[in-house]
Structures are given as C-alpha cells and as structure tokens.
Amino acid sequence: MTTLETLKDKYTEVRQRISDAAAKSGRKGNSVHLIAVSKTAEPDQIRELVKLGHSDFGENRVQQLVQRAAQMDEWMARQRSMPGVQWQPGATPDLGAPAPKPEAGLPTQIRWHMIGHLQRNKARKAVELCRLIHSVDSLRLVEELQLIAIKREKPIEILLQVNCSLESQKYGCAIAAAAHLVEQVETMIHVQVRGLMTMAALDADALRARKTFERARELFEEIRESGVASPKFNILCMGMSGDYEAAIAEGANMVRIGSALFGEPKPGMADGADDEDED
C-alpha cells in the first residue's frame with residue numbers, strides 16, 4: 001500500500017508519464033484525462049490526491065461509491081468553511097478538456113465515475129452520484145438510465161463498453177454491435193453517449209494489449225466518421241496501470257489508474273476491472 005509520503009511522488013510520476021506518452025503521439029501533455037481508481041484506496045489517500053488538485057475518481061461497486069461520496073462531501077464541506085484554503089480558479093473542466101496542473105489547488109468539486117459492471121436495479125443510485133457511467137453495454141441498461149434521467153429531468157452521460165479483447169467472460173457489447181447501439185442511444189434525449197471504453201485482457205502481453213487498443217481506436221474513429229454520434233462523442237477510455245502508455249499511443253484520452261498510485265490491489269482486483277457490482 002502506498003503511504004501518504006510517497007503518494008505525491010507516484011502521482012507526479014504517473015502524470016509525467018501520461019504527458020510524455022501523449023507528446024509522443026503528437027498531442028498536448030494535458031489532453032489525457034486521468035481517473036484515479038480509488039476502490040482499494042484508503043480515505044486519507046483520496047483526500048491527499050484531492051489536495052494535490054485531482055478531481056476524478058473511479059469506483060466499481062455502488063455501495064462503496066455511496067460511502068466514499070458521503071465521506072468526501074463531508075470533508076469538502078469542512079474545507080469550504082476553513083480560511084486560507086487554495087481552490088482551483090473557475091469550474092472543474094469538462095471531461096475531455098485540458099486538465100489543470102496538480103498543484104493548482106483543491107478542485108471545486110469531486111467527480112465520481114462508475115467503472116464496474118452496473119446492474120439495472122442499482123443504476124439509480126449510481127446516476128445520482130456519478131459524473132460518468134463507464135460500463136454501459138446493453139440497450140436494456142440504456143433504457144433504464146433513460147427512465148431515471150426523465151424523472152430527474154437531467155441528462156446522463158455514459159461510455160459504451162465494448163469487448164475489444166474478444167474475451168468470452170468479459171462484459172461489453174460486441175464490436176459489430178457498437179455503432180448500432182450508439183445510434184440507438186442517440187435517439188434518447190436524456191442519455192448522452194460520450195465515447196467508448198474498453199480493457200485489454202488481464203493476462204495480455206504488450207502486443208496483444210496494443211491490438212485491443214488499436215481495435216477500439218479504429219471503432220471509435222469509424223463511429224465518429226459515420227455521423228451517427230453527436231460532436232460530444234469524444235472520449236476514448238482505455239488503459240490501466242500496466243498498459244496506459246500503450247493505450248495513449250493508440251489514441252486514449254482517458255485512462256483509469258489505481259495500483260500505480262495506491263499500490264497493488266488484492267488478487268483479482270485490477271485497476272479498471274469490470275467485476276460485477278454485488279452489493
């Protein structure tokens with residue numbers, strides 16, 4: 001487990017490696033959005049990252065998401081009541097926009113991301129707390145989110161999870177079905193599909209992982225060029241602690257990193273694992 005004393009160094013290193021990988025692919029260093037996967041982190045580690053200016057955190061279970069969000073809401077409220085706390089100027093940038101420097105002060109808000117497989121009967125709570133749902137892979141789930149959004153009178157933003165690694169046991173819609181599902185989502189006024197998410201196989205070597213990311217990038221570009229998606233279809237989320245530089249080289253502009261920040265998780269709990277929410 002990473003200590004608070006080493007967390008800043010790890011965060012700085014990850015940010016620098018992301019910046020370098022983006023520069024190598026011809027993009028600005030701050031063009032890649034970092035989601036800190038906090039499911040194995042301690043609350044004080046999350047607070048420490050927020051103090052460093054980080055605003056986006058990913059959880060894969062609704063019950064823990066609810067607990068974490070409540071803890072951080074309380075902590076942020078205390079910070080707002082304290083004199084002398086430095087805050088980032090303006091609102092937290094939109095997803096896909098250039099990220100602020102980590103030393104720029106506390107973000108004005110913490111944004112939670114649902115990264116695990118989401119059951120329809122738990123979708124409402126996730127929607128209430130999350131800025132972005134990463135793991136939408138079926139029309140039935142989209143329809144459930146649409147019903148929730150209509151009642152809330154507030155749009156929901158999602159990523160379509162695609163099984164680009166072609167693993168039979170992995171969640172995600174089939175590559176061949178992705179464009180049609182995006183087209184169906186675009187007919188729903190209250191659900192906005194922002195892009196695609198995929199993961200390489202946990203046991204994939206570098207070449208196999210790169211092929212998975214290449215498939216996802218090609219699919220992402222095909223959907224954008226086909227005109228079935230809106231201009232806000234601009235997020236390609238792929239890459240975890242062991243392969244995020246390869247993902248960025250293939251076009252990822254959002255990565256999800258846990259163990260490189262917080263230390264190695266327990267066996268079976270990878271950074272962006274799509275394990276089923278079982279609360």
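Mentor: A disulfide is a pair of cysteine sulfur atoms within 2.5 Å. Keep that cut-off in mind. This model is predicted, so local features need pLDDT of at least 70 and side-chain atom pairs count only at pLDDT 80 or more, while totals for chains, interfaces and linings use all residues. Residues are numbered from 1 along each chain as its sequence is written, and side-chain values use heavy atoms, with hydrogens and water left out.

Trainee: How many disulfides does a search of the whole structure find?

Mentor: The search finds 0 disulfides. Take Cys173, which is in no disulfide. Its nearest cysteine sulfur belongs to Cys164 and is 8.2 Å away.

Trainee: How far is the sulfur of Cys237 from the closest cysteine sulfur?

Mentor: The distance is 12 Å, and the closest sulfur is again in Cys164. That is too far for a bond.

Trainee: Now the whole chain. How many helices and strands does the protein chain have?

Mentor: Both are DSSP runs, numbered from the N terminus: helices are H or I with at least four residues, strands are E with at least two. The protein chain has 9 helices and 8 strands.

Trainee: What does the radius of gyration say about the protein chain?

Mentor: It is taken over C-alpha atoms, and the globule rule is 2.2 Å times the number of residues to the power 0.38. With 279 residues, a compact globule would come out near 19 Å. The protein chain has 18 Å, which agrees. For its extent, look along the principal axes: the C-alpha trace spans about 50 × 45 × 35 Å.

Trainee: What share of the residues in the protein chain is buried?

Mentor: Of the 279 residues, 50% are buried. The chain exposes about 12700 Å² (Shrake-Rupley method, 1.4 Å probe). Carbon and sulfur atoms supply 50% of that area.

Trainee: And which share of the contacts joins residues 24 or more positions apart?

Mentor: Contact means heavy atoms within 4.5 Å. Among contacts with a separation of 6 or more, 65% join residues 24 or more positions apart.

Trainee: Show me that at one residue. Where does Leu132 lie?

Mentor: Leu132 is in strand S4, residues 130-136. Its relative accessible area is 0%, so it is buried. Set aside neighbours within four places in sequence. Leu132 is then in contact with residues including Leu95, Trp112, Glu157, Arg194, Ile235 and Met254. Trp87 is 45 residues from Leu132 in sequence, and their C-alpha atoms are 23 Å apart.

Trainee: What about a residue in a helix? Where is Ser259?

Mentor: Ser259 is in helix H9, residues 259-262. Its relative accessibility is 15%, so Ser259 counts as buried. Compare sequence with space: Ser259 and Arg17 are 242 residues apart along the chain and 15 Å apart from C-alpha to C-alpha.

Trainee: Next, loops. Where does Pro89 lie?

Mentor: Pro89 is in the loop between helix H3 (62-80) and strand S3 (111-114). Pro89 is exposed, at 72% relative accessible area. Ala104 is 15 residues away in sequence, with a C-alpha to C-alpha distance of 8.2 Å.

Trainee: And which residues does Pro98 touch?

Mentor: Pro98 also lies between H3 and S3, in the loop. Not counting residues up to four places away in sequence, Pro98 touches Asn30 and Pro93. Its relative accessible area is 53%, so it is exposed. Glu59 is 39 residues from Pro98 along the chain, and 23 Å separates their C-alpha atoms.

Trainee: Now backbone angles. What is phi of Glu153?

Mentor: Phi of Glu153 is near 60°, a positive value in a residue other than glycine. Glu153 sits in the loop between helix H5 (139-152) and strand S5 (156-161). Glu153 is exposed, at 71%.

Mentor: Leu166 also has a positive phi, about 60°, and is not a glycine. Its loop runs between S5 and helix H6 (175-185). At 55% relative accessibility, Leu166 counts as exposed.

Terms used
Buried < 20%, exposed > 50% of the residue type's maximum accessible area, 1.4 Å probe, protein only.
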